[in-house]
Amino acid sequence: MICWPVSLTLESTIYLPKVRAQIDSRYVTSPVAFALGNPSFVPDELCYIIMYAEGILMANSERQRETEMEDACCEGMKRVMRLAMKVLIVVVFLGYILILIMMPTNTFYLRWMPNIRSKTRSTYFGQQGASLLIYAFPILFIAILGAFYSHLRKRGVDRSDSRVRSRYDSWKMPALVKGPLGIVSWIELAFLAMFVALLVWSFSSYVHAMFANVTQEAIQVRERVWEVKLDSAALLLGLVGNICLAFLFFPVTRGSSVLQFIGVTSEASVKYHIWLGHVTMALFTAHGLCYVMFWANTHQISEMIKWDEVGVSNVAGEISLLAGVVMWATAFQGIRRKIFELFFYTHYLYIIFVLFFVLHVGFSTACIMLPGFYLFLIDRYLRFLQSQRKIGLVCARVLPCQAVELNFSKSPGLSYAPTSTVFVNVPSISKLQWHPFTITSSSNLDRDQLSVVVKSEGRWTKMLYEIVSSSSTVERLEISLEGPYGTPSTDLLRHDMLVMISGGSGITPFISIIRELLFTANAASHKAPRILLICAFKKELDLAMLELLLPVSGTNLDISRLHLQIEAYVTREKETVKDDQELIRTVWLKPSTNDVPVSAVLGSGSWLWLGLIISSSFAIFLVLVGIITRYYIYPTERDSNGMYSFASRAALYMVFACVSIAASAAGAFLWNKKQSLRELVQIQDMKTPPTASPIAGVYGGDWELESLPHQTLIQSTNVHYGKRPDLKKILLGIEGSSIGVLVSGPRKMRQDVAAVCSSGLIPNLHFQSISFSW
């Protein structure tokens with residue numbers, strides 16, 4: 001039996017008039033009697049109504065159980081599909097690695113490759129058929145499966161069993177803390193060692209095969225033995241460099257399904273691109289210099305200006321190498337940090353580098369690097385399409401520490417994990433420069449807004465701060481965004497406690513984590529870990545960054561459930577009492593009617609669409625290659641009894657790759673753009689900004705209606721002046737069965753924390769570094 005108020009609430013629209021007409025006031029003096037089912041107080045009519053309501057509740061409960069069972073069954077099917085995809089991806093990748101291992105052997109070149117070419121050679125694909133099958137198809141197949149796998153996987157905070165993930169924690173701990181490679185985990189070191197072993201194996205195998213009959217070759221070509229060895233060494237250096245080039249573009253493909261599958265963010269993978277870039281250019285530079293030395297000693301210097309119709313084109317290789325050397329010279333850390341624009345603009349020479357590399361070696365040989373570059377082109381074109389949107393900037397919070405929080409309108413369906421990043425472009429400052437920033441908002445807590453924090457440090461950021469802070473009546477600021485980019489989920493909830501250590505603007509990744517955990521802590525079914533935030537700032541004004549832990553519109557969630565403790569350190573100033581403290585200002589803007597909210601470039605099903613783009617574009621590419629080869633190249637070769645120009649063939653195929661990518665990506669983008677326009681109709685108009693700022697300053701001022709969360713936040717904060725945090729002492733004093741340690745800030749700080757976590761003094765520390773090496 002249910003109580004009277006509940007039954008009326010369930011079916012009030014139907015039975016409330018009857019109840020009011022048939023129940024005398026004396027029967028409703030005690031709702032408890034109804035709950036107890038006392039018949040002396042309950043009329044027959046009301047009993048029927050209550051019984052009917054109970055039947056509705058039971059039916060609804062039964063339907064809810066059926067729905068939950070269907071959801072559980074659907075989720076179980078998705079898990080089985082993800083497991084099958086994962087196994088298939090691993091098998092295909094191992095097969096691809098086997099090809100790379102066997103490639104420098106005679107078994108591959110004299111047995112496997114001729115056999116494959118004999119079965120795939122046709123008037124539609126020619127020699128390229130075998131190369132596309134061996135080198136391009138496996139990686140593109142992995143990328144397609146990875147996209148479908150990511151589509152089936154949910155984003156957000158991972159709530160998986162901690163026992164499953166704990167087996168891999170030891171591999172994620174730092175193995176190297178200091179050195180030219182930075183902080184390197186054991187799993188990174190293991191894969192690095194295997195990659196170096198692959199290069200050494202390839203080099204030694206090529207040396208063994210090429211130097212086996214070097215004396216006889218020297219006699220035949222009438223050259224000295226060391227000259228023949230130099231010629232062979234130049235060739236094998238280029239062949240080994242091709243292996244590095246095959247992986248070079250994967251780390252810089254921001255929306256890569258491959259990176260998403262292995263759980264690596266685009267900003268974290270940049271260091272792999274740097275490592276591969278140095279090794280690749282070192283090998284290619286040695287490759288070119290060896291050939292120049294060989295030609296000079298054998299009086300064949302005229303070879304440098306030859307562009308043969310068939311075979312290798314030397315001039316194309318020299319142009320490619322020159323473009324690569326310029327990029328390499330400006331990519332070293334000293335130049336990249338001090339003269340970033342020089343590094344940024346010269347890196348566009350990758351177009352010349354890749355184009356003339358393909359013309360140099362021919363399309364068939366270039367197929368080894370084609371899949372990585374092909375996926376990069378898809379990502380680059382999608383980024384270009386997304387960058388054409390003008391994003392609605394709702395408001396900006398101007399902080400007294402020369403920082404500004406930009407709040408953009410966001411599509412409610414856009415979901416991203418904490419610590420995700422976006423790239424921001426302000427055409428009024430620079431039409432070419434795109435700068436990465438960590439998202440500080442939570443897609444669950446901030447349903448309609450996406451925010452980033454920009455600290456005024458460089459020329460670009462200073463100009464942006466001046467534009468926003470110069471006046472409180474900025475009408476509109478035209479901004480474009482690319483992203484968000486990030487991991488599909490974070491495994492934060494498996495820890496009992498989270499220790500977040502930041503230095504300066506390194507606190508920004510933790511803002512999104514804290515907001516996400518605030519949402520989680522107020523959910524009935526989830527328990528958030530305890531949080532210790534240790535943040536170091538240079539000046540007292542920088543403490544205003546802590547005010548950004550809460551959204552610009554405030555929150556009605558109970559922040560006390562978060563169990564948050566903040567230890568703030570002001571390193572270069574002592575405690576002072578100032579009467580004229582600056583407050584945080586909120587500048588409201590008026591977006592244009594053409595501005596759109598932030599949304600995924602391909603809508604809510606981005607990964608599914610990406611898989612379709614990769615598969616459909618490659619299918620179109622194969623059709624175009626087959627048509628042009630069968631009906632143009634093949635008849636030309638047959639009529640002239642010769643070979644079609646390798647450079648012309650490679651140029652045609654590269655054009656077909658670009659056309660197929662552009663057609664598939666543009667079609668998917670336009671389709672999702674129409675869907676987004678329909679969603680825009682349902683989005684409410686921007687609210688009129690309040691006359692007073694919704695956020696009071698951390699340094700004083702009258703608290704407004706949303707003051708309770710801020711008071712709780714201030715009560716959780718301890719400020720220490722004139723000293724740095726003793727990180728080793730703090731970490732050694734923390735207790736818990738599982739403690740996640742996240743650090744974001746200067747390199748020295750990250751290295752110190754990594755050294756403590758990897759020392760083994762406390763076995764329950766789980767280290768994660770958030771670095772920005774763009």
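1. Two strands pair if DSSP finds at least two bridges between them. By that rule, E12 and E13 are partners: seven bridges join them, and the two run parallel. One of these pairings sets cysteine 535 opposite alanine 568 in E13. Keep in mind throughout that this is a predicted model.

2. Start with the overall count. The chain has 774 residues, and 50% of them count as buried. Its secondary structure comes to 26 helices and 17 strands.

3. Now the parallel sheet. Which strands form it, and in what order? The order is E15-E13-E12-E11-E16-E17. That makes six strands in an open sheet, with parallel pairing. Strand E15 (717-721) and strand E17 (765-769) stand at the edges. Each has a single partner strand, so one side of each is left without a neighbour in the sheet. On average, neighbouring strands here are turned by 15° against each other, direction ignored.

4. Strands of a sheet pair through backbone hydrogen bonds, and the pairing is either parallel or antiparallel.

5. Look next at E12 and its other partner. Strand E11 (residues 497-503) is joined to strand E12 (residues 530-537) by seven bridges, and these two strands run parallel. Two pairings can be picked out by residue. Valine 499 stands opposite leucine 532 in E12. Serine 502 has cysteine 535 in E12 as its bridge partner. Is E12 covered or open? Mostly covered: seven of its eight residues are buried. Helix H21 (residues 508-521) lies across E11, E12, strand E13 (564-570) and strand E16 (739-744). Its direction is at about 155° to E11.

6. The antiparallel sheet comes next. Four strands form an open sheet in the order E8-E5-E4-E14, with antiparallel pairing. Where are its edges? They are strand E8 (449-455) and strand E14 (585-588). Each has a single partner strand, which leaves one side of each without a neighbour in the sheet. Neighbouring strands of this sheet are turned by 20° against each other on average, direction ignored.

7. Strand E4 (residues 393-399) and E14 pair in the antiparallel sense over four bridges. Arginine 397 stands opposite threonine 586 in E14.

8. Tyrosine 124 and arginine 630 are 506 residues apart in sequence, yet 4.7 Å apart in space, C-alpha to C-alpha. Tyrosine 124 counts as partly exposed because its relative accessibility is 38%, and that class runs between 20% and 50%.

9. Asparagine 242 lies in helix H11 (residues 225-248). Why does asparagine 242 count as buried? Its relative accessibility is 7%, and buried means under 20%. Leaving out residues up to four places away in sequence, asparagine 242 touches Phe284, Phe357, Thr365 and Ile368.

10. Serine 269 has a relative accessible area of 0% and is buried. With residues up to four places away in sequence not counted, serine 269 touches Pro251, Leu259 and Val264.

11. Last, the empty space. Rolling a probe the size of a water molecule over the atoms shows where empty space is left. How many cavities of 30 Å³ or more does the structure hold? One. The largest cavity holds about 30 Å³ of space. Its lining is made of Gln386, Arg389, Ile391, Leu481, Gly483, Val598 and Ser599. These divide into three nonpolar, three polar and one charged.

Technical notes. Residues numbered from 1 in each chain as written. Predicted model: local features only at pLDDT ≥ 70, side-chain atom pairs only at ≥ 80, totals over all residues. Heavy atoms only, no water. Axes fitted to C-alpha atoms, helices over the stretch in contact; angles between N-to-C directions. Contact = heavy atoms within 4.5 Å. 1 Å grid on protein atoms, 1.4 Å probe; cavity = no way out; pocket = protein on both sides within 12 Å on 5 of 7 lines; lining within 4 Å. Points joined across faces, edges and corners; volume = space filled by probe spheres on them. Nonpolar A, V, L, I, M, F, W, Y, C, P; charged D, E, K, R; others polar. Buried < 20%, exposed > 50% of the residue type's maximum accessible area, 1.4 Å probe, protein only.
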